[in-house]
Amino acid sequence: MNDMLFVTGLGAVLLCLMGWGFKHLPGERWQMLAVIPLKKSDGDGWLGVNLTYYGFFIATSQLIALMLLLVLLNSIDVSLKGAMTATLVVLGCCLPAARLVAILVENKRHTFTIGGASFVGIILAPWAILAAEKFLGGSEAVFMPLLPLLAAMSIAYTLGEGLGRLGCISYGCCYGKPIEQSGRLLRFFFSRLHFIFHGDNKKVAYEGKLHGQKLIPIQAITCLLYTAGALCGSWLFLKGSFVTALVLTMALTQLWRIISETMRADFRGLGKISVYQKMGVVSVFYVALLCLFMKEAPVIVPDVAGGIDVLWNPAVIFGLQILWLVFFLFFGRSTVTTSKVSFVLLKENI
């Protein structure tokens with residue numbers, strides 16, 4: 001009963017968030033969150049740096065994913081110190097990879113690729129867990145079963161990438177093909193359910209010249225699909241089916257990455273088959289090999305009520321706040337737009 005309440009409650013909250021986002025975020029109003037004046041411009045006013053809703057939603061999606069990860073791990077009494085050490089190592093590599101892979105694949109210095117970053121994380125995760133276990137073990141045992149940890153990380157990654165698509169909607173990136181240029185079946189499905197982006201500063205406008213057109217809502221589909229996958233994976237995890245949860249979430253995210261790119265119109269690198277699609281194929285085989293050769297997890301009975309207790313730990317709360325701020329500053333500072341800000345004195349209020 002506790003498992004059902006947790007999964008359905010989380011799903012209801014996320015569904016409300018996604019419903020709001022799908023309705024409002026394609027609008028021009030929801031791209032820039034704030035402006036910080038930096039220096040005087042040549043004329044009147046100041047030049048400023050833009051902080052974006054893209055960064056806000058990416059940071060928030062990662063925060064929610066990390067909270068879910070902590071709950072799942074605490075529900076099986078895993079060493080949180082070891083698990084978070086491994087997680088921070090993976091995140092520490094994925095953050096720069098989000099920009100570096102985009103430079104290598106797309107030859108763009110001022111963009112991010114979550115697909116490239118996730119590929120690095122998938123390859124690195126098992127080795128980071130083993131290294132953390134060995135480093136922290138010493139003379140005493142550290143409970144860090146590899147398969148359950150990988151399953152929890154995979155579930156959290158699935159949720160984080162899914163909710164992160166709300167940021168893509170806000171920024172207008174990862175956009176779908178125009179409905180009128182799609183096949184008959186896609187036109188039938190999305191003639192009413194589509195995105196129309198507004199705003200000249202969105203990527204769909206300055207790169208694709210597709211603002212104001214009806215586009216396949218590929219970000220929304222990915223958001224819904226990944227979130228549903230993460231919730232199903234959480235249910236399986238809490239029932240002790242760790243391998244099934246791992247395989248489900250990894251297969252879903254990587255195979256959908258391959259399929260979804262056939263419905264996207266943004267630049268994904270040269271060639272008919274993109275590098276990101278190839279990464280998806282490699283990731284699926286990599287996880288399959290891990291499941292074949294790793295030892296089966298010991299019999300563990302997760303307790304979701306006990307897992308939720310970790311979120312009341314002051315150290316955990318503070319750490320999550322710091323991580324949210326790091327994510328927001330890394331992803332939210334726009335390097336492709338600037339602002340001119342002026343200040344006006346309201347004399348009638350003096």
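A surface patch, as the term is used here, is made of residues with over 30% relative accessible area and no salt bridge, and nonpolar side chains are joined into one patch when they lie within 5 Å. In this model, which is predicted, L185, F188 and F189 make a nonpolar surface patch of about 380 Å². One of these residues, F188, belongs to helix α6, which covers residues 184–190. Because exposed means over 50% relative accessible area, F188, at 63% relative accessibility, counts as exposed.

In soluble globular proteins, nonpolar side chains tend to be buried together. The interior of this model can be read with that in mind. Its largest nonpolar core holds 88 residues, of which F6, F22, I129, L150, F237 and F327 touch the most other members. Helix α5, residues 146–171, gives the most to this core, contributing 16 residues. If residues up to four places away in sequence are not counted, F6 touches L68, V71, L238, V304 and I308. There is also a second, separate core of seven residues, among them I179, F190, W256 and M263.

Once neighbours within four places in sequence are left aside, A34 is in contact with V49, N50 and L51. K177, by comparison, is 143 residues from A34 in sequence, and their C-alpha atoms are 30 Å apart in space.

Methods:
Residues are numbered from 1 along each chain as its sequence is written. This is a predicted model: local features need pLDDT of at least 70, side-chain atom pairs count only at pLDDT 80 or more; totals for chains, interfaces and linings use all residues. Side-chain values use heavy atoms; hydrogens and water are left out. Patches are made of residues with over 30% relative accessible area and no salt bridge: like charges are joined within 9 Å, nonpolar side chains (Val, Leu, Ile, Met, Phe, Trp, Tyr) within 5 Å. Accessible areas come from the Shrake-Rupley method with a 1.4 Å probe; for residues, only the protein chains shown count as cover. A salt bridge is a side-chain nitrogen of Lys or Arg within 4 Å of a carboxyl oxygen of Asp or Glu. Helices (H or I, at least four residues) and strands (E, at least two) are DSSP runs, numbered from the N terminus. Buried means under 20% relative accessible area, exposed over 50%, partly exposed in between (1.4 Å probe, protein chains only). A nonpolar core is a set of buried Ala, Val, Leu, Ile, Met, Phe, Trp, Tyr and Cys residues joined through side-chain atoms within 4.5 Å. Contact means heavy atoms within 4.5 Å.
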